[in-house]
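Take a look at the structure below. We will walk through it in steps, starting with one residue and moving on to the whole chain.

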Amino acid sequence: MQSDSQDIHVPRRSALIDQLARANRQAWVLLVVEVLLIVLVGIFIDWNWVAQQPIMATIAIGYMVRPFGYSLLIQAVQKKTRIQDLRESTRFGQYDKHRLLALYRDTLHRLRLSDDSLSVYITAGRSINAGALHVGLGSVFKWFNGIFLNRQTLHKLEPAELQDIIGHELGHYYKHYLVIDRFRIVTLTLGSLLAIFAVQRFGLANFLGYFILICVPLVVWKLSGLPHDRNAHAIEYLCDDFGAQVGGVMPSINGLLKLGQSAEIECAVLQQAVLSKIAGNFNPIELVETVLGSIPYGHATRDEIEAQVNRSLRERAANQKMSLGGLFHYMWNSDTDAEAAEELEEQAKKLAQLQFVPRLDWESLLQDPTRVQFSEEGVRALVEMIAENPEHELFRIPDVMDPGLDSHPPLKSRILYLWFNRTEIESQLRTRV
């Protein structure tokens, strides 16, 4: 650990690189074990039984691939558009398709990555966010792979900040990942064979057989996911690092501050909406969809967002009619919706508790209070403020209540990592310019 202050501790860049390298050495061992188990289980399976009972074998395989297949299905139906396929007239704030393509190619150049036609998609997300997907099934399902940028990200980030977040996602795809995640086909094969063997051995005529069949994929996915669970934070730090190698740590830090500021407003608005009287007119899914779908693109104050959300909720409630489909939904799902509503209300109460978390007035350091744009001197002052008030948070968002539940480190920690490792990070930047 290193810091400029005895009160602030952040990971050392070199320690994280070593941690991920060590994790991948162990992941290679796990992959070899999985391959050996595939051979062993394959020997014990009665393949004549499989040929005679194809439906039973298919059911067994289905239990294993269902979670993964469902995630792929969600990804496939998600509304998204490749940058190249955007219409000439389409604009997202200051960006059109040509500027986005130019920024993406410049980011590849700065990071010394070859352009292998990886798809970059724009999604309809109304939060500042992005993602990278590599399904780990070889070239057969390569068309699932890509970088995904929420539309809101384009409206709220400046070009250097956008390149940073693209660089972060390219880090996930090309640089900082666990090898076992690139060979999910091996895990799927092992789990499917184990499921077939379980059905063959115990059948599905009793509770024991179903219980074992349910447990097989749970255990296999849990074991294969252990490397990621243990190293998720290290990967995120290093991808922040990789993104900062595009244009330096200042755009990275400013982008993270904008992300946190936006997330804080969204949490507060959702919490207020859930606990409002009008929330009783919706089932939980409708309520969350309406709230998140009402957040305007671009820059807006909390009051403006709350007004828009409340207006959308009132309009939707006024236009609701009990259709035949809605009647059947009420008949069959009223209990489930009630439970989900109670759970959502509990989550809203937890979000309300965030208002009591001590928070730094970091916005007071901004030269322009309407624009998150820190210079190096401004970030230095921000870090000093954090050092003087280590128990205070930058944002009232869920990651401050239980940091261990999120695959991302808290935003405050990510900002401090970039600041205290900036010399090493920007030395990588200088070698690329």
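Is I43 buried or exposed? I43 is exposed, because its relative accessible area is 60%; exposed means over 50%, buried means under 20%, and partly exposed lies in between (1.4 Å probe, protein chains only). I43 sits in helix 1, residues 13-44. Helices (H or I, at least four residues) and strands (E, at least two) are DSSP runs, numbered from the N terminus.

This is a predicted model, in which local features need pLDDT of at least 70, side-chain atom pairs count only at pLDDT 80 or more, and totals for chains, interfaces and linings use all residues. Residues are numbered from 1 along each chain as its sequence is written, and side-chain values use heavy atoms, with hydrogens and water left out.

Together with V29, V33, V35, L37, V39, L40 and F44, I43 makes a nonpolar surface patch of about 730 Å². Patches are made of residues with over 30% relative accessible area and no salt bridge; like charges are joined within 9 Å, and nonpolar side chains (Val, Leu, Ile, Met, Phe, Trp, Tyr) within 5 Å.

Now step back to the chain. Its secondary structure comes to 15 helices and four strands. Of its 433 residues, 46% are buried. The accessible surface is about 22,800 Å² (Shrake-Rupley method, 1.4 Å probe; for residues, only the protein chains shown count as cover). Carbon and sulfur atoms hold 56% of that surface. Next, look at contacts, meaning heavy atoms within 4.5 Å. Among contacts between residues at least 6 apart in sequence, 79% join residues at least 24 apart.

What is the order of its four strands? The order is 1-2-4-3, in an open sheet with mixed pairing. Two strands pair if DSSP finds at least two bridges between them. Strand 1 (80-82) and strand 3 (130-133) are the edge strands, and each pairs on one side only. From one strand to the next, the twist averages 25°. For such angles, axes are lines fitted to C-alpha atoms (for helices over the stretch in contact), and values run from 0 to 180 degrees between N-to-C directions.

Follow the sheet across. Strand 1 and strand 2 (residues 120-123) run antiparallel, joined by three bridges. Strand 2 then runs parallel to strand 4, with four bridges between them. There, I122 has L149 of strand 4 as its bridge partner. Strand 3 and strand 4 pair in the antiparallel sense, again over four bridges. In strand 4, F148 stands opposite G131.

Why is strand 4 largely enclosed by the rest of the structure? Five of the five residues of strand 4 (residues 146-150) are buried. Both faces are covered. G146, F148 and N150 are buried on one side, and I147 and L149 on the other.

L149 is in contact with I166, as are Y104 and T107, leaving aside the neighbours of I166 within four places in sequence. I166 lies in helix 6, residues 159-175. I166 is buried, because its relative accessible area is 3%. I166 and G243 are 77 residues apart in sequence, but their C-alpha atoms are 7.0 Å apart in space.

Finally, turn to charge. Side chains of opposite charge can pair when their charged atoms come close. A salt bridge is a side-chain nitrogen of Lys or Arg within 4 Å of a carboxyl oxygen of Asp or Glu. The structure holds eleven salt bridges. One of them joins E161 and K258, with the closest N and O atoms 2.8 Å apart. This pair links distant parts of the chain: E161 is in helix 6 and K258 in helix 9 (residues 249-274), 97 residues apart. E161 counts as buried at 2% relative accessibility, and K258 is buried at 9%.

Another salt bridge joins R359 and E264 (2.8 Å, N to O). R359 lies in the loop between helix 12 (324-353) and helix 13 (376-388), while E264 lies in helix 9, 95 residues apart. E264 counts as buried, at 15% relative accessibility.

E306 and R302 meet in a salt bridge (3.1 Å, N to O). Both lie in helix 11 (residues 302-319), four residues apart, about one turn of the helix. R302 counts as partly exposed, at 32% relative accessibility. Elsewhere, salt bridges that share partners join E264, R359 and E363 into one network.
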